[in-house]
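I opened this model to look up its sheet, its cores and its salt bridges. My notes follow.

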Amino acid sequence: MRCSRILLGALVLSLCPASAHAARLIAPVQLVARVRDLPGFAGARATLEHTTSPFTWAHNTNPGTWTEAQVEATNLQSLRFEEGAEAFFTGSAPEAHGLHREAISQGVVFATAAAAQSELRTSVEGALKIFSRKGLLQGADPAIPGAVNLGNFTSGHRGGSDNVFFSTGRCFFVVGDSVHNTTSRAQADRAPVAGALALYRRDRRLCS
């Protein structure tokens, strides 16, 4: 399905024509964290993209080869992918080495809760394969049932990242960040943990 994209201030929103399952779709802005949900990102520039095509989603979000994206798209189709939304946030002020902190929030909707749980397992397994082992910490988020937290931070080095993966009902979510001037793991964890909790509280009924 081809989607049109419009620019609203700093917000990019893709619009797809109505389909047979349109009544089941969740508004894209409900599937991603908002700037106010992310501590440390006040004033950040945000873009939002949305699609109902598993192939568009896989090729836009898979960091691997074209073939790997095709495999992922086929898997998403078998899980009965319904829609995906991705928001990307860029901090307003430069940090270490002139870089800006970044955050990403993804929400994917499937036909069933079992499919969302399957995507959660697959995504965590895939992340563990590509994340740097140095400074990697894996844990659970007690505020969100079944959530997995993966973060990278090495004591004595500036900068860190964190990602929270979870599913609720038929939705799967990821919220992550990369902070360049952090000197503690807690500073890198703060935005993804808060953003994930805000999403969980907002969407657990919508995704049921």
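**Ground rules.** I count two strands as paired if DSSP finds at least two bridges between them. Helices (H or I, at least four residues) and strands (E, at least two) are DSSP runs, numbered from the N terminus. The model is predicted, so local features need pLDDT of at least 70, side-chain atom pairs count only at pLDDT 80 or more, and totals for chains, interfaces and linings use all residues. Residues are numbered from 1 along each chain as its sequence is written, and side-chain values use heavy atoms, with hydrogens and water left out.

**Sheet.** I looked up Phe 88 and found it opposite Ile 104 in E5. E4 and E5 pair in the antiparallel sense, over ten bridges. I then traced the open sheet: seven strands, in the order E3-E4-E5-E9-E8-E7-E6, with antiparallel pairing. Which strands stand at the edges? They are E3 and E6 (136-140); each has a single partner strand, so one side of each lacks a neighbour in the sheet.

I picked Glu 49, which is in strand E3 (residues 45-51). Its relative accessibility is 28%, so it counts as partly exposed. (Buried means under 20% relative accessible area, exposed over 50%, partly exposed in between, with a 1.4 Å probe and protein chains only.)

**Cores.** I searched for nonpolar cores: sets of buried Ala, Val, Leu, Ile, Met, Phe, Trp, Tyr and Cys residues joined through side-chain atoms within 4.5 Å. The largest has 27 residues, and Leu 38, Phe 89 and Phe 166 have the most contacts inside it. Helix H4 gives the most to this core, with five residues. Another core, of 20 residues, lies apart from it and includes Trp 57 and Leu 136. In soluble globular proteins, nonpolar side chains tend to be buried together.

**Salt bridges.** I looked for a side-chain nitrogen of Lys or Arg within 4 Å of a carboxyl oxygen of Asp or Glu. How many salt bridges does the whole structure hold? The search finds four. In one of them, Arg 24 meets Glu 82 at 2.9 Å, N to O. Arg 170 also forms one with Glu 82, with the closest N and O atoms 2.7 Å apart. Both Arg 170 and Glu 82 are buried. Shared partners join Arg 24, Glu 82 and Arg 170 into one network.

I also checked Asp 37 and Arg 202, whose side chains meet in a salt bridge at 3.1 Å, N to O. Asp 37 lies in the loop between E2 and E3 and Arg 202 in helix H4, so the pair ties together parts 165 residues apart in sequence.
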